[in-house]
Amino acid sequence: EIINGRIRKLDFQEKERLDYFVNYDILYDYINDQGKESEMSVSRAIRPILEGYLRFSYPKNFTQNKWLGDYIEDIRNGLTEPYNTLKKYLRDIEDFNAYYKKYHHTQGSVPAIDPIELKTYAKRVLEFCSLHGK
């Protein structure tokens with residue numbers, strides 16, 4: 001990172017926090033018809049938001065060396081907290097992951113993005129990240 005013409009080391013957690021807010025803004029702006037990002041960029045912001053949310057909320061359980069698919073397995077198979085609490089959200093998290101994978105893990109052509117479906121997923125993800133524990 002460069003601040004006032006000086007290079008400053010940016011650690012992984014700080015970078016991830018910055019990325020989280022950038023991706024949050026991408027989804028938020030898209031939902032509110034203010035987005036300048038492509039629909040592909042919006043769809044690809046979903047996984048990093050979820051991973052960041054889980055890492056920030058449960059840093060001892062959801063570590064930086066794992067990804068969303070790993071977290072899903074941890075929640076599915078976990079017998080202690082926070083996994084037990086998160087099991088009630090497992091279907092949603094799996095659904096978010098399945099939607100995201102359509103546009104990220106593809107070979108060849110990428111399916112067309114339905115803007116209404118994308119807006120629905122963007123809303124659901126932001127609601128999950130802000131409301132699920134309340």
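In the predicted model, the axes of helix H3 (46-57) and helix H6 (residues 90-104) come within 9 Å and cross at roughly 140°. Here an axis is a line fitted to C-alpha atoms, for helices over the stretch in contact, and an angle runs from 0 to 180 degrees between N-to-C directions. Helices (H or I, at least four residues) and strands (E, at least two) are DSSP runs that are numbered from the N terminus. H3 and H6 are therefore oblique to each other, given that angles under 35 degrees count as roughly parallel, over 145 as roughly antiparallel, 65 to 115 as roughly perpendicular and the rest as oblique. In this pairing, Ile 46, Arg 47, Pro 48 and Leu 50 of H3 meet Phe 96, Tyr 99, Tyr 100 and His 104 of H6, where contact means heavy atoms within 4.5 Å. By class, the contact of H3 with H6 has six nonpolar residues, one polar and one charged; Ala, Val, Leu, Ile, Met, Phe, Trp, Tyr, Cys and Pro count as nonpolar, Asp, Glu, Lys and Arg as charged, and the others, Gly among them, as polar.

Helix H6 also packs with helix H4 (residues 68-77), at an angle of about 160° and with the two axes 11 Å apart. H4 and H6 are therefore roughly antiparallel to each other. H4 passes H6 in a left-handed crossing, a term used if the near helix is turned anticlockwise from the far one by less than a right angle, the crossing being right-handed if clockwise. On the H4 side, Leu 68, Ile 72, Ile 75 and Arg 76 meet Leu 90, Ile 93, Glu 94 and Asn 97 of H6. The residues of the contact of H4 with H6 divide into five nonpolar, one polar and two charged.

The buried residues of H4 are Leu 68, Tyr 71, Ile 72, Asp 74 and Ile 75, where buried means under 20% relative accessible area, exposed over 50%, and partly exposed in between (1.4 Å probe, protein chains only). These residues cover an arc of only 160° around the axis, which puts them on the same side of H4; the arc is that of the directions from the helix axis to the C-beta atoms. The buried residues of H4 pack against H3, helix H5 (83-86) and H6.

The protein chain as a whole contains seven helices and two strands, and its pattern along the sequence reads β-β-α-α-α-α-α-α-α. Of the 134 residues in the protein chain, buried residues make up 36%. Among contacts between residues at least 6 apart in sequence, 54% join residues at least 24 apart.

Several individual residues illustrate how parts of the chain are placed. Pro 115 lies in helix H7 (residues 115-131) and, at 39% relative accessibility, counts as partly exposed. Its C-alpha atom is separated by 9.7 Å from that of Tyr 30, a residue 85 places away along the chain. When residues up to four places away in sequence are not counted, Pro 115 touches Tyr 30 and Glu 39. Lys 123 is also placed in helix H7 and counts as partly exposed at 39% relative accessibility. The C-alpha atoms of Lys 123 and Tyr 28 are separated by 7.8 Å, although these residues are 95 apart along the chain. In helix H1, Asp 25 is partly exposed, with a relative accessible area of 43%. The C-alpha atoms of Asp 25 and Val 42, which are 17 residues apart along the chain, are separated by 9.8 Å.

Two features of the backbone were also noted. Most residues other than glycine have a negative phi, and most peptide bonds are trans. Asp 33, however, has a positive phi of about 55° although it is not a glycine. This residue is placed in the loop between helix H1 (12-31) and helix H2 (39-44), and Asp 33 is exposed, with a relative accessible area of 64%. A cis peptide bond, with omega of about 5°, joins Glu 81 and Pro 82, and Pro 82 lies in the loop between H4 and H5.

Residues are numbered from 1 along each chain as its sequence is written, and side-chain values use heavy atoms, with hydrogens and water left out. Because the model is predicted, local features need pLDDT of at least 70 and side-chain atom pairs count only at pLDDT 80 or more, whereas totals for chains, interfaces and linings use all residues.
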